[in-house]
Amino acid sequence: MYDYHAHTNYSDGAFLRWMVEAAADAGLDGIGFADHCNVSPESTARRYKRAFGFNLDLTYERRREAIEAVREDVDVDVFDAVEMDYDPAHEAAIAEFLDDAGFDYAVGSVHELDGANVHTRSHFADKPESERRELVDRYFEKLVALVESELFAIAAHPDLIERNPHLRGFATEDHYAAVADAFRNSRTVPEINAGRLLDDYGEFHPSPAFLDRLVDAGIEVTVGTDSHDPDAIAPRVREIEAELDRRGMEAVRLDQVVERA
Ligand SMILES: [Zn+2]
Ligand SMILES: [Zn+2]
């Protein structure tokens, strides 16, 4: 099994080498490091990057050297990937960066909604329900645009809004159908993401009802633990394996996805 979505100290995760060693201990055949990257020209994005101190757009070459070095020492495949913040307004900048950087593959994410990170509870808490429902509509519109852009091999955590209790429960069958339709016509595949499975949220992304719709539509999925620390990898891998078993599914291999591109 491969984990196509994990983080290192080149964004908000633990030391790359620790993550690789943990992947080997977890019995993985490979791990892909999709560190966060944002190339938005907007000043808020720039401030955010400066405040948090990670800029994979500036450090990916250094990380690539680290990945090449660690590949010599371990018996797992290590992929040089990226998790890009996606916004329809920045498609040209994203495409140009991805072209230049030449990652093994790219993961695309809608993390931002209404000028805030989806996780920021305070931003959404006091809005009336009608407005929050409309924002969930916006989220799924962005996600459909991400899938249609075909800029990415993988669309990350396709119902990230569920992590925020103020946005949770507003996703509809219509949203799911629109996303499934987009995936059917795209090289991009969704992932089963275990990022919050074992803590507060307690579900995979996509949620069981959403994954049912995708599977019904014949969409293949890949898998990612979205781990930020070494201890998270093995338990999340076990849960993903159990879920695939329960559903009688196999995760699509990335070489198959990339080949189709
Ligand atoms: Zn993400
Ligand atoms: Zn991530």
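Reply: Two strands count as paired if DSSP finds at least two bridges between them. This is a predicted model. Start with strand S2, residues 30-37.

S1, residues 2-6, runs parallel to S2, and 3 bridges join them. Ala 6 stands opposite Phe 33 of S2. From S1 the chain crosses through helix H1, residues 16-25, to S2. This β-α-β crossover is right-handed.

S2 also pairs with S3, residues 77-85. Here 8 bridges join the strands, again in parallel. Phe 33 has a bridge partner in S3 too: Asp 80.

Now the burial of S2. Buried here means under 20% relative accessible area. In S2, 8 of the 8 residues are buried, so the strand is largely enclosed by the rest of the structure. In a regular strand the side chains alternate between the two faces of the sheet. Both faces of S2 are covered. Gly 30, Gly 32, Ala 34 and His 36 are buried on one side. Ile 31, Phe 33, Asp 35 and Cys 37 are buried on the other.

Glu 83 lies in S3. Glu 83 bridges the zinc ion (ligand 1) and the zinc ion (ligand 2), which lie 3.5 Å apart. The zinc ion (ligand 1) is coordinated by Glu 83 (OE), His 111 (NE2) and His 157 (NE2), at 2.1 to 2.2 Å. Along the chain, its donors follow the spacing E-x27-H-x45-H. His 157 sits in the loop between strand S7 (154-155) and helix H7 (173-184), 74 residues apart from Glu 83. Both Glu 83 and His 157 are buried.

Conventions:
Residues numbered from 1 in each chain as written. Chains lettered and ligands numbered in written order. Predicted model: local features only at pLDDT ≥ 70, side-chain atom pairs only at ≥ 80, totals over all residues. Heavy atoms only, no water. Buried < 20%, exposed > 50% of the residue type's maximum accessible area, 1.4 Å probe, protein only. Helix = DSSP H or I, 4+ residues; strand = E, 2+ residues; numbered from the N terminus. Right-handed = clockwise from strand over helix to strand, strands pointing away. Donors = N, O, S within 2.8 Å, 3.2 Å for Na, K, Ca; no water.
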